[in-house]
Amino acid sequence: TALSGWVSELRTDDGPFALVTIQFAGGDILKVFITRLASDELGLAVGREVLALVKAVSIDERNFAQTL
């Protein structure tokens with residue numbers, strides 16, 4: 001599944017990962033950790049349009065139900 005959105009927040013520190021917040025048109029957000037190297041190679045920045053590719057082998061329905 002490919003979801004179109006834009007980077008609304010990008011956090012990095014001295015560690016190897018970046019926390020990327022993607023905002024979608026309907027107001028939903030997705031927070032993901034990626035490597036800092038991947039962030040640099042993709043040229044991520046706040047406001048940049050992105051496609052979030054989501055692949056799930058399974059979903060833990062116990063956690064999902066609590067967030068609704």
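Which side chains meet in a salt bridge? Those of R11 and E9 do, at 2.7 Å from N to O. A salt bridge here is a side-chain nitrogen of Lys or Arg within 4 Å of a carboxyl oxygen of Asp or Glu. The structure holds one.

The model is predicted: local features need pLDDT of at least 70, side-chain atom pairs count only at pLDDT 80 or more, and totals for chains, interfaces and linings use all residues. Residues are numbered from 1 along each chain as its sequence is written, and side-chain values use heavy atoms, with hydrogens and water left out.

Start with the fold. The protein chain has two helices and four strands. Their order along the sequence is β-β-β-α-β-α. Both kinds of element are DSSP runs, numbered from the N terminus: helices are H or I with at least four residues, strands are E with at least two.

Next, the surface. The chain has 68 residues, and 19% of them are buried. Buried means under 20% relative accessible area, exposed means over 50%, and partly exposed lies in between (1.4 Å probe, protein chains only). The chain exposes about 5,500 Å², with 56% supplied by carbon and sulfur atoms. These areas come from the Shrake-Rupley method with a 1.4 Å probe; for residues, only the protein chains shown count as cover.

Among contacts with a separation of 6 or more, 36% join residues 24 or more positions apart. A contact means heavy atoms within 4.5 Å.

Return to R11. This residue sits in strand β1, residues 2–12. R11 is partly exposed, at 49% relative accessible area. Beyond its neighbours within four places in sequence, R11 is in contact with F17, A18 and L19.

Now move to helix α1, residues 36–42, which holds S39. Is S39 buried or exposed? S39 is buried, with a relative accessible area of 4%. Leaving out residues up to four places away in sequence, S39 touches L10, A18, I34 and L44.

Then look for the largest pocket. About 290 Å³ of space lies in it. Of its 14 lining residues, I22, L42, V50, L51 and A52 are the closest to its centre. On a 1 Å grid over the protein atoms alone, a pocket is an open set of points where a 1.4 Å probe fits, with protein on both sides within 12 Å along at least five of seven lines; lining residues have an atom within 4 Å of a point. Grid points are joined across faces, edges and corners, and the volume is the space filled by probe spheres set on them.

Which strands build the lining? β2 (17–24), β3 (29–35) and β4 (49–53) each supply at least two residues. β4 gives the most, with five. By class, the lining has 12 nonpolar, no polar and two charged residues. Ala, Val, Leu, Ile, Met, Phe, Trp, Tyr, Cys and Pro count as nonpolar; Asp, Glu, Lys and Arg count as charged; the others, Gly among them, are polar.

Finish at A56, in the loop between β4 and α2 (61–67). A56 counts as exposed, at 51% relative accessibility. The C-alpha atoms of A56 and T1 are separated by 9.4 Å, although the two residues are 55 apart along the chain.
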